[in-house]
There are 2 protein chains.
Amino acid sequence: MRGEPLDAETIVSATEEVLRRHGPEKTTVLDVARLLGVSHGSVYRHFPSKAALREAVIRRWLDRVREDLVAAVQDAELTPPDRLRGLLTSMFAVKWAKAREDPELFATFRVLAAEHSTESRSHLAFLLDQIRAVVADGVAGGDFEPCDPEATARAVYNASTRFLDPRHAPEWQSPEIEAEAASVISLILDGMRAR
Amino acid sequence: MRGEPLDAETIVSATEEVLRRHGPEKTTVLDVARLLGVSHGSVYRHFPSKAALREAVIRRWLDRVREDLVAAVQDAELTPPDRLRGLLTSMFAVKWAKAREDPELFATFRVLAAEHSTESRSHLAFLLDQIRAVVADGVAGGDFEPCDPEATARAVYNASTRFLDPRHAPEWQSPEIEAEAASVISLILDGMRAR
DNA sequence: TTGATGACAGATTTCAATAATTGTCATCTG
DNA sequence: CAGATGACAATTATTGAAATCTGTCATCAA
């Protein structure tokens with residue numbers, strides 16, 4: 001019924017657009033099909049359920065957050081402490097930027113993320129792994145106190161919860177948030193540095 | 001219409017009871033009056049609005065949390081680092097206990113606290129002050145690195161968000177939470193200890 | 001006089017009927 | 001045949017009329 005062939009990617013983009021316009025509660029498969037000019041049956045050819053479609057949307061969103069993060073981290077010839085500071089600062093900045101540029105859309109993705117814990121968990125695993133790698137480097141090179149990098153990475157992440165967890169997004173509007181984050185990062189780094 | 005005189009305290013207790021039974025969405029002033037065997041007009045003699053009544057409930061609840069915390073902190077002759085560890089551990093334990101013993105009631109109070117930010121803020125100020133006092137002691141006695149106790153207390157609190165903020169209560173069910181909290185506390189203390 | 005009452009207006013919530021959505025699938029089209 | 005369609009049953013959301021609640025206040029009782 002249309003010129004271009006309908007594929008999953010196109011459907012995901014259309015879904016994102018509908019989500020942007022109507023929010024997570026009011027987007028229906030029918031809306032998505034309408035935007036694409038196809039019947040809703042065609043959408044079900046590519047996704048087995050509405051939940052699967054929403055999951056594809058959140059997966060792509062999280063993929064892009066990871067891309068942004070990788071782009072933001074300049075893996076220069078810095079020492080591990082400086083690299084860890086840079087990594088955390090970038091993690092915060094990437095999330096804060098997303099949350100600030102379009103708070104409603106961010107809230108929408110937060111709902112989707114809460115719905116699909118598998119995707120959220122694998123995103124968390126990625127973040128932890130980024131931290132763990134820098135910690136391991138620092139321990140190996142003697143910049144950090146000896147420790148289990150896995151456990152320490154988790155502690156660092158946990159201490160950063162306020163600056164990373166979307167549930168705290170409202171607080172990210174405050175102008176003080178940058179100073180508070182810097183203060184926590186310094187506290188963490190001081191705790192890890194070799195004596 | 002009743003033997004005992006109706007006072008604000010009695011009304012607050014009855015409101016707590018109704019909240020416990022019906023949850024925050026479904027408790028009405030009429031329910032409270034019914035439980036007390038008075039007309040709802042009598043409730044309005046003591047509280048100008050339903051919001052004011054709910055605020056009184058959350059104030060008393062937070063008062064009691066503070067009492068529990070003060071009781072839990074043994075101000076023994078410990079060094080400031082050990083006292084800070086004990087303080088944070090107690091703060092976590094008190095909140096976790098409340099959340100675990102009756103999750104629905106805890107969720108109810110969370111709703112009330114979100115409604116009345118003034119009360120929440122003054123509760124936060126209390127917690128920060130407890131931390132600040134120990135930090136100041138430690139800095140004065142040379143146990144901690146020199147720092148601004150006010151700012152450091154805030155950093156310590158921010159790093160503890162995951163273990164203190166009611167929005168994270170679901171995670172407090174996990175058996176790993178104690179180990180994770182201990183790990184973050186150690187990270188924080190290592191960062192503060194004098195070198 | 002102090003404190004309780006219940007009628008009342010306006011706002012909010014409930015509930016059942018109505019409409020829309022989800023997911024399936026037999027059918028159609030190129 | 002690959003891919004799209006829309007009728008359909010089951011589920012979920014919307015709607016609007018009726019019920020309930022909030023907050024006020026004139027009235028009453030002790």
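I began with salt bridges (a side-chain nitrogen of Lys or Arg within 4 Å of a carboxyl oxygen of Asp or Glu), and the count between chain B and chain A is four. One that I looked up joins Arg154(A) to Glu180(B), with the closest N and O atoms 3.1 Å apart.

A note on ground rules: this is a predicted model, where local features need pLDDT of at least 70, side-chain atom pairs count only at pLDDT 80 or more, and totals for chains, interfaces and linings use all residues. Residues are numbered from 1 along each chain as its sequence is written, chains are lettered from A and ligands numbered from 1 in the order written, and side-chain values use heavy atoms, leaving out hydrogens and water.

Next I checked contacts (heavy atoms within 4.5 Å): 24 residues of chain B touch 24 residues of chain A.

Then I turned to DNA strand D. Among the 15 residues around DNA strand D (those with a heavy atom within 4 Å), Ser39(A), Ser42(A), His40(B), Tyr44(B) and Lys50(B) come nearest. I saw a polar side-chain atom of Arg45(A) 3.0 Å from a base nitrogen. Tyr44(B) has a polar side-chain atom 2.9 Å from a phosphate oxygen, and a polar backbone atom of Lys50(B) is 2.6 Å from a phosphate oxygen.

Methods
Polar contact = N/O pair within 3.5 Å; in protein donor to acceptor, adjacent residues only side chain to side chain.
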